[in-house]
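Hi,

Here is the structure I promised to pass on.

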Amino acid sequence: MTLTDTQATTQKQTEYIRQLKNTFEKMPHDIEMLLFTEKGVDNIFAESTRQVVRAFRELTPRIRLREYGMDHKMAAKWQITDAPTLLIAPDRYAIRWMGAPMGEEARTFLEALILVGTGVSNLSEQSRKVIAGIDSERHIKVFVSPTCPYCPQQAVNAIKAAVERPGVISVELIDIQCNPELARQYSANSVPQTYAEEVLIGQGAQSEEVFALSLKKLEPQTLFIPDSDAELVETDVLIVGGGPAGLTAGIYAVRSGLKTVVIERNALGGQVATTPVVENYPGFTQIGGKTLVDILATHALEYVQIFQGEEVVDVVPGKPFDITTTRRRFKAKSILLATGAKHKRLNVPGESRLSGKGVSYCSTCDGPLFKGRNVVMVGGGNSAVTEALYLQHMGVHVTLMHRRDSLRAQKFLIDQLTVSSIPILWNTEITEILGQDRVEAIETINTQTREKISLSVDGVFFSIGYEPAVELAQKIGVALTSDGYIQKDAKHRTNIPGIYSAGDVEGGYKQIVTAAGQGAEAAMSIFEDVINPYWNRSS
Ligand code: NAP
């Protein structure tokens, strides 16, 4: 008898819940939580927090929740300033959640429960050494939003640090939707954004080791090189990048018998993780980008080991290749570069200074903070139109700004845009973004009439395309095309024997389905070459 898909899914969920219950049962510590709410005030965030905690309490009696009003003496004792605030295991750790653990943040919440329940930080050996060297108190604030797929990584970094050094490191996770004033005070218009001792130490998600170093030095770091005695992992294929190309390649490579790992420095899924809605991936008439990524990642995890939050920092050619990440070393027979693409920047004055302070490249992450406010979405392609529609749906007053008089987006999206009645500024380019601590206005020019107009706005969202993420490829010596993409043959082989590419980093149509297809092709090509290396063939 074979299982239907629904039966198989239910069986997996039951097994997952059983494992979770088991984990909670074995935890050496009970978890006490204190929730502070405004008495008599209906608050969606407080209610969501109660519901999430209740859901976990159904799994284990080891979790206890006590709730107090802001006027209770406990609120004064714990110096609670905003409601709702949730304290997690306050008898042992200084972890406070300002807002509700909803959406993406539910993942963070689960990790937090396991970390405080076990009392083990789970930091890597490399990070622990750095955190051990911190010699004075660190109070961390991480601004997050429930729609931000990058946030859990950074929030968990901070919680791990607090569990590792209680008494020295304290953490506040601040949901920007619930605390818009506080976010404004810190000009945190982009998430995740991390402060320690009131100093900005990270914009965006950092690998755990880079976060630890930034926390120690109290300034944002970009690189971490592990000690030479870091753990060594041997593998056949090392895939750099956990987007649709990398994850699909992982499935195919393992299924053909190759030992394979995927390394992803950021959130899994690449650009898809922040795409509000996908309507052209076969099998799904309409699906949220993050949901599609979760399905894809769950599928990939059935086969391939994924090292997430780790960044490849060095590759030494050889047979095998010697690869160093921020956490460990790998020896791999072949490498697949599926590093994808990164947001293009316009590079106008004010853009970089106000990045994260009203300038944004991610509407799903930062959109919630602009509810009821005026923003422009720059671009005329599929992404700009999809994201403008998403922002409008969230209650943001969005205007689309395009440099020409026609859009390059697909007709289906243009039709939706027409129905939405989102205003469009045609033939318009931004020349400067103005504002002291946050975006206040933009200077624009009409490309036809050369007329210059200033507009008051609270935010500028850019969706002007992507450029290939080729830094690693360039560092290794992989040849690029004149357009800056990885140069490869029909088998996805680069100029360096044993190094392959797949997905948006190769250029082409840049669709999710094509990236997945390229990943599958590259994995099969690697399999053929490992069995019968083309560089050893006589013809
Ligand atoms: P895109 O298709 O390359 O469009 C970029 C847009 O930004 C264009 O309208 C372009 O204007 C404008 N632009 C570029 N540089 C600019 C500048 N310096 N100043 C002002 N405007 C500028 O990028 P995308 O929309 O991000 O899409 C990237 C790829 O992903 C595409 O292949 C797209 O099809 C795919 N995608 C697919 C879907 C989907 O199928 N559902 C969704 C999202 C993205 P011009 O038109 O004047 O060049």
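Helices here are DSSP runs of H or I with at least four residues, numbered from the N terminus. Just after one of them, α12, Gly395 takes a positive phi of about 95°. Please keep in mind that this is a predicted model.

Let me stay with α12 for a moment. The helix covers residues 382-393, and its 12 residues reach 17 Å from first C-alpha to last, close to the 16 Å expected at 1.5 Å a residue. Its buried residues include Ala384, Val385, Leu389 and Tyr390. What do the buried residues of α12 pack against? Their partners are α11 (363-366), β17 (374-378), β18 (397-401), α13 (411-420) and β23 (459-462).

In α11 you will find Thr364. With a relative accessibility of 6%, Thr364 counts as buried, because the cut-off for that is under 20%. Leaving aside residues up to four places away in sequence, Thr364 touches Tyr390, along with Thr147, Thr274, Thr275 and Pro276. Arg328 lies 36 residues from Thr364 along the chain, and their C-alpha atoms are separated by 32 Å.

The other spot I looked at is a helix pair. α9 (residues 244-255) and α10 (residues 289-301) pack at about 30°, with axes 9 Å apart, so the two are roughly parallel to each other. The crossing of α9 past α10 is left-handed. On the α9 side, Pro244, Leu247, Thr248 and Ile251 meet Leu296, Ala297, His299 and Ala300 of α10. By class, that contact has 6 nonpolar, 2 polar and no charged residues.

Best wishes

Note on methods. Residues numbered from 1 in each chain as written. Predicted model: local features only at pLDDT ≥ 70, side-chain atom pairs only at ≥ 80, totals over all residues. Heavy atoms only, no water. Axes fitted to C-alpha atoms, helices over the stretch in contact; angles between N-to-C directions. Parallel < 35°, antiparallel > 145°, perpendicular 65-115°, else oblique. Left-handed = near helix turned anticlockwise from the far one by under 90°. Contact = heavy atoms within 4.5 Å. Nonpolar A, V, L, I, M, F, W, Y, C, P; charged D, E, K, R; others polar. Expected span 1.5 Å × (residues − 1). Buried < 20%, exposed > 50% of the residue type's maximum accessible area, 1.4 Å probe, protein only.
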